[in-house]
4 protein chains.
Amino acid sequence: MALKMDAAALNAFLGTDFPQLTGQFAVEHADEELLIARLHVSESHLRPGGTVSGPSMFALADVAIYTAILSNIGPVGLAVTTNASIDFMRKPEAGRDLLAHCRLLKLGRVLAVGEAMIFSDGQEKPVARCSMTYSIPPR
Amino acid sequence: MALKMDAAALNAFLGTDFPQLTGQFAVEHADEELLIARLHVSESHLRPGGTVSGPSMFALADVAIYTAILSNIGPVGLAVTTNASIDFMRKPEAGRDLLAHCRLLKLGRVLAVGEAMIFSDGQEKPVARCSMTYSIPPR
Amino acid sequence: MALKMDAAALNAFLGTDFPQLTGQFAVEHADEELLIARLHVSESHLRPGGTVSGPSMFALADVAIYTAILSNIGPVGLAVTTNASIDFMRKPEAGRDLLAHCRLLKLGRVLAVGEAMIFSDGQEKPVARCSMTYSIPPR
Amino acid sequence: MALKMDAAALNAFLGTDFPQLTGQFAVEHADEELLIARLHVSESHLRPGGTVSGPSMFALADVAIYTAILSNIGPVGLAVTTNASIDFMRKPEAGRDLLAHCRLLKLGRVLAVGEAMIFSDGQEKPVARCSMTYSIPPR
């Protein structure tokens, strides 16, 4: 199945519909199997000690899974997160961006489930794992 | 068991150790049973349509459960979230702050578990429910 | 809002539609606010050391939240669990039944969310906490 | 890092320490990257309509992640599940065993995190996804 939106289209959509995210998040790659999103880490994302905050990692996973759904169904603005489960496993490296590697596990008529593994850029072991469920409006 | 930190002490701790949260979050109430934290909703917390973003609700739950732990064990800066599960159940009301009502379910030697129910200020039905586990450093 | 099924009706439904659960689970109480379900703990639910197994606690939470939904919408056999999150916080007491205290947090058109706190019978501190989401078929 | 227990050793351990699981669960494969466990589906695991019950899938994920931890740390009987999150995504096929493909995401000093993707035997799309955290006793 061909994607309905590629990385460029997803970034354009984020810029238009979520202007407050501009400059923070970008979709780096999107194909049928895998979407990669980046958090450009800046001062506002940090906690004492230089580590990236939990809410910032949550936001990155949300952007990754949401855009992975849109890449399949097109620019539907009304999919909403109904559930999220996140495991924080390692401290992110100071001074590095975070990358989320996202796979869609289910894309149903009313529910979609995706999973994101979050890495410090250049590191092999994940700092966090997140799964989210979205409710999709009738198409 | 008397609390080691009351609401005023928790707010002072947040101001000193988490200056980037200042003005956004406040502990309104803390006793042995219940802690209430407020998110002063502003433009930066909103998504299109005027609803509060998921990451902002996650951040509020995190502040509430973290401070509920500190109220019991004192100003230990190193407790870290290891797991979070959140259900988003209703759309927050536009133009209202959010309140998190938090209860600690377990305060063990190495792990603590808390739960927060999140409400739009003045509303009866919760907009979200969140449970989090924290790893507590050796005391 | 009056309940569509009381505890007796829920137990009769379980006996008819889930005969393999008969004798293991019972609804003890159901009103608009709270449903209480019991797991009659027997040898088959135990792990080494006499503690109740995780899957048995999961099953109890599932029965409690499912019947709480049915008490509100009537004997619809097709609601399915889509997500569960469970925290195991204390070791259940050997030789005691388990009770689940369940509250529905949301009963929407397509999704319902409930939460169950699980106790060893007669004990005050919960052994586990569970939240579950159900997908409800069109009515 | 070489495994401390291979599939045969893990099955022997389950048979000795968890005799009530004998015949239901088996470890089919274990290497440094991946462990595969099987649920031999029988009448006792089914719900009306011939589908495998949620608690049975939960139990399979628990066996898979637990044995994946043991394969790395050896036959420690006291690791306990502290948290589980599970997404039920598709109905298992009637009359087929279930397989759990498990990966350890973290193996720390006190906490381990693993994930299991559950499939109906021979099918490509997962029926469920589960992540679990275990507390590991001091070694």
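**View 1. The area buried between chain A and chain B.** About 1600 Å² is buried between chain A and chain B, and carbon and sulfur atoms give 54% of that area; buried area here is the accessible area (1.4 Å probe) that two parts lose on being put together, summed over both. In chain A, the residues that lose the most area to chain B are A:Arg47, A:Phe58 and A:Phe88, which together make up 28% of what that side buries. This is a predicted model, in which local features need pLDDT of at least 70 and side-chain atom pairs count only at pLDDT 80 or more, while totals for chains, interfaces and linings use all residues. Residues are numbered from 1 along each chain as its sequence is written, chains are lettered from A in the order in which they are written, and side-chain values use heavy atoms, with hydrogens and water left out.

**View 2. Residues in the contact of chain A and chain B.** Chain A brings 20 residues to the contact and chain B brings 20 residues, where contact means heavy atoms within 4.5 Å. Between the two chains the count of salt bridges is 0, a salt bridge being a side-chain nitrogen of Lys or Arg within 4 Å of a carboxyl oxygen of Asp or Glu.

**View 3. Helix α2 of chain C.** Helix α2 of chain C has 20 residues (residues 54-73), which at 1.5 Å a residue should span 28 Å, and this agrees with its end C-alpha atoms, which are 29 Å apart; the expected span is 1.5 Å times one less than the number of residues. Of the 20 residues of α2(C), 20 are buried, meaning under 20% relative accessible area (1.4 Å probe, protein chains only). Just after α2(C), C:Gly74 takes a positive phi of about 90°.

Conventions:
Helix = DSSP H or I, 4+ residues; strand = E, 2+ residues; numbered from the N terminus. Buried < 20%, exposed > 50% of the residue type's maximum accessible area, 1.4 Å probe, protein only.
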